[in-house]
Amino acid sequence: MSGEGAPTLAVEGAGGLRVVVVAALWHTRVMDGLVAGAQRALAEAGVADVTLVRAPGSFELPVLARAAADGGADAVVALGVVVRGGTPHFDYVCSAATDGLVQVSVSTGVPVGFGVLTCDDDEQALDRAGLPGSREDKGHEAAQAAVVTALAVRSLRRRG
């Protein structure tokens, strides 16, 4: 587990942002931690306009992220977890979710905070979920990244 070199992100002026959190339903305990971490980060940043939308799984996150971006969100936080199994399904889902979320962000200009855990086992996922005893809080990190990037995008557009 890395975490080393992670930036300390300062979030100021985020009160007027509209943020949509799209979160998968698989692995309930891990997802509950990720969602709670994202919601906590958004509250700390002063974001009051937050919508939570649930997806069946991580594969479906990009289409919901796109709908949120097209619907006027200033930022999207995508949360999911894919745990490696004994088939190539893991690789397909991880690749599709990652590529799809990048495409949404680049094609719409709406930042997508990437909080999709891709883990070898349940223990790794739990250790990143922001639960009591977890070493990392990837939901919190993804929400912070989305908000900081949305503020930077807003600043750049105002200059243009």
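Buried here means under 20% relative accessible area. The views below are taken from a predicted model.

**View 1. A143 and its surroundings.** A143 sits in helix 5. Because its relative accessibility is 1%, A143 counts as buried. Leaving aside residues up to four places away in sequence, A143 touches A38, A41, L42 and V77. Between A143 and G37 there are 8.1 Å in space, C-alpha to C-alpha, although the two are 106 residues apart in sequence.

**View 2. Helix 5, residues 138-159.** Helix 5 has 22 residues. From its first C-alpha to its last, helix 5 reaches 32 Å, close to the 32 Å expected at 1.5 Å a residue. An α-helix has 3.6 residues a turn, so residues three or four places apart point the same way.

**View 3. The buried residues of helix 5 and their partners.** The buried residues of helix 5 are G139, H140, A142, A143, Q144, A146, V147, A150, L151 and V153. Their packing partners are strand 1 (18-24), helix 1 (28-44), strand 3 and strand 4 (112-119).

**View 4. The largest pocket.** The largest pocket holds about 250 Å³ of space. Strand 3 (75-83) and helix 3 (89-108) are the elements that give two or more residues to its lining. In total 17 residues line the largest pocket, and W26, V81, V82, H89 and V93 lie nearest its centre. Sorted by class, the lining of the largest pocket has eight nonpolar, seven polar and two charged residues.

Conventions. Residues are numbered from 1 along each chain as its sequence is written. This is a predicted model: local features need pLDDT of at least 70, side-chain atom pairs count only at pLDDT 80 or more; totals for chains, interfaces and linings use all residues. Side-chain values use heavy atoms; hydrogens and water are left out. On a 1 Å grid over the protein atoms alone, a cavity is a set of points where a 1.4 Å probe fits but cannot get out, and a pocket is an open set with protein on both sides within 12 Å along at least five of seven lines; lining residues have an atom within 4 Å of a point. Grid points are joined across faces, edges and corners, and a volume is the space filled by probe spheres set on the points. Helices (H or I, at least four residues) and strands (E, at least two) are DSSP runs, numbered from the N terminus. Ala, Val, Leu, Ile, Met, Phe, Trp, Tyr, Cys and Pro count as nonpolar, Asp, Glu, Lys and Arg as charged, and the others, Gly among them, as polar. The expected span of a helix is 1.5 Å times one less than its number of residues. Buried means under 20% relative accessible area, exposed over 50%, partly exposed in between (1.4 Å probe, protein chains only). Contact means heavy atoms within 4.5 Å.
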